[in-house]
Amino acid sequence: MSQDSLFVLNTDGPPGEAANQVGALEPALLLDGEHDLCPGCGEPVAIRLLLEVIEELACAQRSIGVVGIGCYTAFTGLIDVDLIQALHGRAPSVATGAKRMRPDSLLFTLQGDGDMVSEGLQEVIHTAARGESVTCVLLNNGVFGETGGHMTATTALGQRTKNSLEGRDAAYHGHPIPIAELLVPLGGAAYVARGSVADARGVVRTKNLLRRAFEVQLAGQGFSFVEILTMCPTGWFVPTAEGPGYLDEVLGAGQRLGELKGAADPAV
Amino acid sequence: MTTVESRGTLRIDVERCKGCELCIPACPPSVLRMSAERNTKGAAYPLLAPGCTGCGACLLVCPDFCFEVYQYRDPVLHEVSP
Amino acid sequence: MTRALMEGSEAIAAAAIAAGCRFFAGYPMTPFTELLENFASKLPDVGGVCINAESELEAIGMAWGALATGARAATGSTGQGIALMQESLSEITRAELPLVLFHMARGQGDYLQATRGGGHGDYRQIVYAPIDVSEAVGLTQLAFDRADHWRNPVQIYGDYLLAHTSEAVDVAPPNLDSTAASKPWAVDGSLGGSGRSRNLNPLGMEKGSKGIDPESFWKRLQRKHEEIERCEARLESESTDDAELLIVAFGSLARFARYVVRELRSEGARVGYARPITLWPFPKRELAEAAGNVRRIAVLEQNAGQMIDDVQLSVMGRVPVVGIGEISSDPAGFGMGPLLDPSAVRERVESALREQEVAR
């Protein structure tokens with residue numbers, strides 16, 4: 001059997017036969033242009049979900065995003081939602097001030113783990129405790145990607161980064177901080193969830209978590225939080241195709257996926 | 001000759017692809033394979049074989065927004081060499 | 001509003017609210033704390049928001065968010081807390097947000113912090129140093145106006161004495177142009193999905209761009225600051241025409257200096273008085289003019305010598321400048337030192353008149 005003869009389908013344009021488009025090339029809230037994030041990066045996969053949910057909730061014209069500083073910051077040039085750029089770690093306080101003045105807005109933060117859990121740990125905790133009606137979204141790949149792939153407060157034990165080349169060692173580097181679990185006991189935190197974009201099933205489930213988090217905000221139920229585990233093959237020193245596997249086995253090892261608090265249906 | 005049924009198909013923007021290959025293992029019927037050719041970025045890109053179901057898994061996992069996914073109204077049959 | 005006896009912190013908060021301030025966040029620290037208390041009690045009455053932030057960094061972050069949506073917003077602290085806010089102060093200036101910052105200092109040792117800033121990069125903020133509660137009311141309202149006009153932060157430099165002195169003041173909404181001006185740059189979500197959505201950021205980045213454009217952005221900011229410097233300097237001066245000695249002071253201590261100079265004048269001494277109202281832009285030209293005929297300038301400040309450099313720069317060596325102040329504080333370190341006393345000030349001015357070494 002000739003391998004080459006199997007792969008002959010034309011994918012240059014839409015099909016000639018009658019067909020329904022079930023998946024658009026890009027989310028509606030993405031501006032034209034290509035991003036410069038690494039091959040195999042999980043962040044665009046996660047951000048796509050965020051933009052699709054905003055569109056599906058018909059909230060594009062009332063959404064305000066407060067963006068931290070990390071690899072994803074460069075992506076913001078393509079996000080067609082009103083944004084405020086904050087300092088490293090400081091998006092939650094900016095989001096608080098903005099939401100208090102614009103209570104009808106859909107207010108979210110977009111932050112990496114280095115931003116939110118290293119530099120900005122107190123900000124997200126206080127914002128959650130106060131029950132601010134915002135949604136904090138964490139893109140967690142366990143590295144400071146933008147500065148070259150160094151260890152953060154969420155780097156998993158055994159995870160390889162530029163300054164933990166043998167893998168994070170509890171005795172030498174200390175333990176990571178499970179920020180989602182830290183937020184669960186806080187009275188103001190209405191919804192806390194963790195998803196992963198390592199595979200298609202994880203992507204679908206993560207989108208549902210984001211939708212639910214925004215619904216919690218829109219219903220005025222308090223602070224909502226979604227952590228999204230994303231691949232960083234560059235920071236992890238693995239080939240791009242091995243990113244999802246490394247995410248499952250190392251970054252995500254022992255991490256509970258799903259709704260940690262505030263599930264509408266506890267069985268989910 | 002064998003007949004393979006495609007219930008769906010794709011439009012692939014190959015110039016956007018960075019060759020990360022995440023779509024390959026994501027495809028449930030395994031009908032994607034990386035090309036031997038390179039796009040203008042110098043990256044290999046996915047090619048589609050018959051058997052697509054239009055599930056959209058490739059679109060879900062692609063970081064570079066390369067896929068447009070279609071489901072045929074009536075399944076399309078492809079004759080392929082055994 | 002009618003004339004009422006108000007403590008400084010109360011009057012400043014009332015003035016800010018009358019000027020349209022609807023958001024305040026702060027962290028308690030002497031002598032800023034009462035300002036936070038007053039905003040906390042008054043803002044809800046006008047539908048505004050006051051948040052007790054859990055740190056100074058979060059306080060200025062919250063003000064940043066409120067400003068970004070187009071609200072008139074303020075924060076503040078004392079020197080140590082202002083120190084924590086430096087990165088944000090620099091970036092808020094770059095993001096061209098009209099923050100009003102109440103810098104309630106423990107004396108006058110924060111002059112360099114207020115005027116030079118400890119933040120990174122090139123940035124400038126107008127700094128008003130009121131002499132008393134009445135002037136603080138007017139300058140607070142002017143601060144919101146100038147902040148909006150220039151899209152630039154403005155500081156009010158006050159201190160413990162100002163915060164806790166009670167005076168009869170009239171706090172009314174100001175009659176200044178910019179109060180009702182619209183802010184098309186404000187982020188309200190409305191441009192989402194339009195292809196022209198906003199990205200309010202401190203780097204001048206536009207949507208669709210791949211990075212900052214230093215040539216256009218940074219330099220435009222520089223030119224704006226140069227224009228502010230040309231337009232906004234303010235100086236108060238008295239009896240300078242035939243003065244042989246000019247006393248220069250700012251803020252609360254200037255109240256004592258002015259009093260002493262008037263007293264000595266009435267006794268025939270040829271002494272004049274000049275007070276920068278703006279610490280930045282420092283009124284160099286105005287001060288040089290006021291010092292036109294004097295033989296000596298004596299700078300009275302409650303620190304180890306901070307404003308004296310700006311005085312030197314104003315006269316460019318033409319007139320000798322000497323410092324007759326010093327660090328002066330109380331056992332709690334709040335800046336209520338023995339120098340804040342007419343006799344102590346008079347002694348120093350008299351020594352300067354006699355061209356003697358100041359007895360310290």
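This is a predicted model: local features need pLDDT of at least 70, side-chain atom pairs count only at pLDDT 80 or more; totals for chains, interfaces and linings use all residues.
We start with chains A and B. The contact draws on 47 residues of chain A and 42 residues of chain B. Together the two chains bury about 3600 Å², and 63% of that sits on carbon and sulfur atoms. On the chain A side, the residues touching chain B split into 26 nonpolar, 13 polar and 8 charged. The polar side of the story comes to 14 residue pairs in polar contact between chain A and chain B, both residues being at pLDDT 80 or more. As for which parts of chain A are involved, the elements giving two or more residues to the side that touches chain B are α1 (3-6), β1 (19-23), α2 (43-56) and α9 (200-218) of chain A. Of the side of chain A that touches chain B, the largest share comes from β1(A), with 5 residues.

β1(A) and strand β4 (residues 67-80) of chain B run antiparallel to each other, with 4 bridges between them. A:Q21 has B:Y70 as its bridge partner in β4(B), while A:N20 is partnered with B:Q71 in that strand. Within chain B, β4(B) is joined to β1(B) by 10 bridges, again in the antiparallel sense. There, B:T9 stands opposite B:Y70.

Salt bridges between chain A and chain B number 2. One salt bridge links A:E26 to B:R16, with the closest N and O atoms 2.6 Å apart. B:R16 itself lies in the loop between β1 (2-12) and α1 (23-26) of chain B. Its relative accessible area is 10%, so B:R16 counts as buried, the cut-off being under 20%. Leaving aside residues up to four places away in sequence, B:R16 touches A:L25, A:E26, A:G33 and A:E34 on chain A, plus B:K41, B:D64, B:F65 and B:C66 on its own chain.

Next up is the contact between chain C and chain A. Here chain C supplies 38 residues and chain A supplies 33 residues. The buried area is about 3000 Å² between chain C and chain A, with 57% of it on carbon and sulfur atoms. The rule finds 3 salt bridges across this interface. C:E54 and A:R130 form a salt bridge, their closest N and O atoms being 2.9 Å apart. Polar contacts between chain C and chain A come to 19 residue pairs, both residues at pLDDT 80 or more.

On the side of chain C that touches chain A, the elements giving two or more residues are β3 (49-52), α3 (56-68), α5 (86-94) and β9 (199-200) of chain C. The biggest giver is α3(C), which puts in 8 residues. By type, the residues on this side are 13 nonpolar, 15 polar and 10 charged. Strand pairing shows up here too: β9(C) and strand β3 (residues 82-85) of chain A pair in the parallel sense over 2 bridges. In that pairing, C:L200 of β9(C) has A:I84 standing opposite.

Now for the inside of chain C. Helix α1 (residues 8-18) of chain C has 9 of its 11 residues buried, so the helix is largely enclosed by the rest of the structure. The buried residues of α1(C) are C:G8, C:S9, C:A11, C:I12, C:A13, C:A14, C:A15, C:A16 and C:I17. What covers them includes β1 (4-7), α2 (33-42), β5 (100-105), α7 (133-150), α8 (160-164) and β8 (166-169) of chain C. Following α1(C) is C:G20, which has a positive phi, near 100°.

Not counting residues up to four places away in sequence, C:S9 touches C:E34, C:L35, C:N38, C:L162 and C:A163. With C:L35, the C-alpha to C-alpha distance from C:S9 is 4.8 Å, even though the two residues are 26 residues apart in sequence.

Methods: Residues are numbered from 1 along each chain as its sequence is written. Chains are lettered from A and ligands numbered from 1 in the order in which they are written. Side-chain values use heavy atoms; hydrogens and water are left out. Contact means heavy atoms within 4.5 Å. Buried area is the accessible area (1.4 Å probe) that two parts lose on being put together, summed over both. A salt bridge is a side-chain nitrogen of Lys or Arg within 4 Å of a carboxyl oxygen of Asp or Glu. A polar contact is a pair of N or O atoms within 3.5 Å; within protein, one must be able to donate a hydrogen and the other to accept it, and residues adjacent in sequence count only if both atoms are side-chain atoms. Ala, Val, Leu, Ile, Met, Phe, Trp, Tyr, Cys and Pro count as nonpolar, Asp, Glu, Lys and Arg as charged, and the others, Gly among them, as polar. Two strands pair if DSSP finds at least two bridges between them. Buried means under 20% relative accessible area, exposed over 50%, partly exposed in between (1.4 Å probe, protein chains only).
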